[in-house]
Number of protein chains: 2
Amino acid sequence: MKTMPNWLEKRAYLTPEKEAVITEDGYRMTFNQLRNDAKSVATYLQHSGIQSGDHVAVLAINSYKMIVLIHALQYIGVVNVLLNTRLSEKEWEFQLSDARAKLLIHDPVFKENIKDTVIETIDMTSIPLDANVAENLRTTINQEETSHIIYTSGTTGQPKGVQLSYDNHWSSATASALNLGLHNDDRWLLCLPMFHVGGLSIIYRSVIYGMPIHLFEKFDVEKVHQAIMEENITIISAVSVMAEQMMVRLGDGKYPDSFRCLLLGGGPAYRSLLEKCQGKNVPVFQTYGMTETASQFSTLDESHALQKLGSAGKPLFPGELIIANEGHEVPMGEVGEILVKGPNVTEGYWNRQKANDTSFENDWLHTGDLGYLDEDGFLYVLDRRKDLIISGGENIYPAEIENVLKQHPDIVDAGVVGRNDEKWGHVPVAFVTIKNEALNETDVIEHCHQYLAKYKVPKQIFFKENLPRNAAKKLMRHLLADEVPER
Amino acid sequence: MKTMPNWLEKRAYLTPEKEAVITEDGYRMTFNQLRNDAKSVATYLQHSGIQSGDHVAVLAINSYKMIVLIHALQYIGVVNVLLNTRLSEKEWEFQLSDARAKLLIHDPVFKENIKDTVIETIDMTSIPLDANVAENLRTTINQEETSHIIYTSGTTGQPKGVQLSYDNHWSSATASALNLGLHNDDRWLLCLPMFHVGGLSIIYRSVIYGMPIHLFEKFDVEKVHQAIMEENITIISAVSVMAEQMMVRLGDGKYPDSFRCLLLGGGPAYRSLLEKCQGKNVPVFQTYGMTETASQFSTLDESHALQKLGSAGKPLFPGELIIANEGHEVPMGEVGEILVKGPNVTEGYWNRQKANDTSFENDWLHTGDLGYLDEDGFLYVLDRRKDLIISGGENIYPAEIENVLKQHPDIVDAGVVGRNDEKWGHVPVAFVTIKNEALNETDVIEHCHQYLAKYKVPKQIFFKENLPRNAAKKLMRHLLADEVPER
């Protein structure tokens, strides 16, 4: 089995005095401090009976202590189950039981919500940072071992636990560096939840690169803006709704030259946002990835940002990607399901033989996403295969219609789903959140007619205060679908 | 088995139009061109009967065609035996036979030297670059497969073939990037022979990073100087004798700010050279590595260059290093043998069960080098264990005395070995190359007395026109030892 030094241990040896984490309160922790804290927590947990191979769940919002915890569990050799804080108690119960967690470490804010949990719980604030460090902590890791189980964000269906190995994280971190470059002065702003792989991956990039993290509890446009303007941030990971707010806040301003990358993930971005970023000289890198690929899998590099606007670029170095339909690779330009393979792709779902049998084929993971490669090999992600609307034999991608809707100055958010239709089988209908009460259904439909073929124009518009988005801000279209009245 | 896309194939897909190789004649080849040429050569060799798993030797001086060849062999899945061009015909014969090479591809300049070779030979200039590319070339690689057999440079004893896998090269390239950083405008000057791992590793870094190589047939101080001054070179790999000449040529001048790394390897550097580089603001990174570690294993980063002058830094991220004596790790500060482990360390010597049994212990490779770690964990490499002189119970490291000798303004090169001595067991004696005929033995001994404890001062000085250095410019002390007169 391939081994490596424990990443934080190695990093603290290489650059002990370099900054590791800067919190929004202005605390600045070095890698040495982070290591000492992580080993202290590891020791405490070991004394509490936690052993190598145990499954331990963490339910917490972003904090320095959460980073400490994640590293501490690595020192013991625990499989860490990261719970999404926005789920219901029932959903947590399901995941804790499904993952066979032995212990739940939680943020005190969730104390009331988990009081009926049948497994042992520890309030994370009760874990001291000054324990004497035990001698028997693991200073090497086996690359093939599972480090995390993260349940898929569940925009549809029963959640499945994605198993990620240390090698998955390592491959993701090195692949990203090969794509984005690696500068001695890099500082990555972390405002995505760490229970999602997009946030978690930044923790590992930090220790592997020797790079400070500017840590935020959650996305707050004002705080993020200030940090970028004043703290020499070079990279931020964000999803579209965050980037949209950032661009509004930036206004006619300009980010410092040292800011070199807005890594935009979490689903296809809409054209108007990308154009806005371009207009303000914000270096946006559109990326495609998922929990199953330990984050970033394909990224559009800056040099093609304009020329290939809307593309998620090409798969990062060690990964492979093909477009296939019914088991066969399709020619360039043709739409099909996106299949991925590589060292950052999960070995499979925890305890889901059936899902693994259907999702994997000769090491290729069927992502369930639809897309195509253009003539230069650039990836364009269209939509979830499940969300595809087939109308009179034509394929309609909800994301395309949503992008058009969001280009309307008075539309804040939009979601498109299919409705049964006697004539066409299915037709698209839209849910929108607006900021101008005067906007009516006819206005919206007219707007769509300007940009879309007739069969793609929503046949009905529903106005809603808010659209259902999950903790990663991903639109949960299946909840919208449930709201569509029967015809 | 873990697979990856063929590296050149992937690189040509990612950045087809980016420069891959710039020759000293000014030819500029893109990655797309390099791929097409490599696939053409691969096709030709396949038609000549070469198959996956065959061992094919290459005997060539640095050229674009040699880079093409190395990649071509990867497209077939061949194990590539790289021969050192400075060896004798007998030595080549030994290696060809020992490595069970099926074919020898050679530079035309060696035609006469290999005329008695019993295996099939091909003159590399006879291989066309415009063959129709076959469909069955391998566009993926198995990371664990052996890509090369490189015989250890043989400063002593029978050469052994070091097996390097794709994963060794990959790990070396990513580890180096984590250490040196990775900039979009990087350009690496390659003037080390590619049959040594220090040169070969640059070829792989080029395709993995997407970075142009400025290729030189051999080190020529004038050409290298001009390239650094005019071609936006950012990194060069060099050994001490090259760096010494470069500093003389630089004189009171200054390299462009874009030049960010002189990676100095091939044995411990002497203090006066490092100080010279510092004085001229040349960013020198002292490094420790060997064929068995696929090049760079430990490197002193720029931020510690001054503070830890003479150290080879800390082992790069995925590697581990300890100092041991008689099977036990020794405390910090104590001298012992350097042991290394990690994904860039060879799996073992080709067909040398005995050497493998003695060199490896629980995946730790015994390097045969002596060194110590200081209180901050920085590595200082002293010398080859074999070259250690034990005099009256005291350890004497020839490199230390050589460094002192080379600090004398009239001494160009120096080598120190032990001589039998009735009283002390062994005493040090020195061979020197001088540039001032007036320098005599007493002068040299007096110079040493200023810097060295008495027992370390050479008891006899031999003047020589040239000292024996191998193709990697490493001093072959065993040849000097043979010249020491019996007493």
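Ala38(B) lies in helix 2 of chain B, which spans residues 31-47; helices (H or I, at least four residues) and strands (E, at least two) are DSSP runs, numbered from the N terminus. This is a predicted model, in which local features need pLDDT of at least 70, side-chain atom pairs count only at pLDDT 80 or more, and totals for chains, interfaces and linings use all residues. Residues are numbered from 1 along each chain as its sequence is written, chains are lettered from A in the order in which they are written, and side-chain values use heavy atoms, with hydrogens and water left out.

Ala38(B) counts as buried because its relative accessible area is 0%; buried means under 20% relative accessible area, exposed over 50%, and partly exposed in between (1.4 Å probe, protein chains only). Leaving aside residues up to four places away in sequence, Ala38(B) touches Leu8(B), Val68(B), His71(B), Ala72(B) and Tyr75(B), where contact means heavy atoms within 4.5 Å. Asp130(B) is 92 residues from Ala38(B) in sequence, with a C-alpha to C-alpha separation of 9.9 Å.

Helix 9 of chain B (residues 271-279) also has buried residues, namely Ser272(B), Leu273(B), Leu274(B) and Cys277(B). Their cover includes helix 8 (240-250), strand 14 (261-265), strand 15 (284-290) and helix 11 (398-406) of chain B. Just after helix 9 of chain B comes Asn281(B), with a positive phi of about 55 degrees.

In chain A, Glu347(A) occupies the loop between strand 20 (336-341) and helix 10 (353-359). Glu347(A) counts as exposed because its relative accessibility is 76%.
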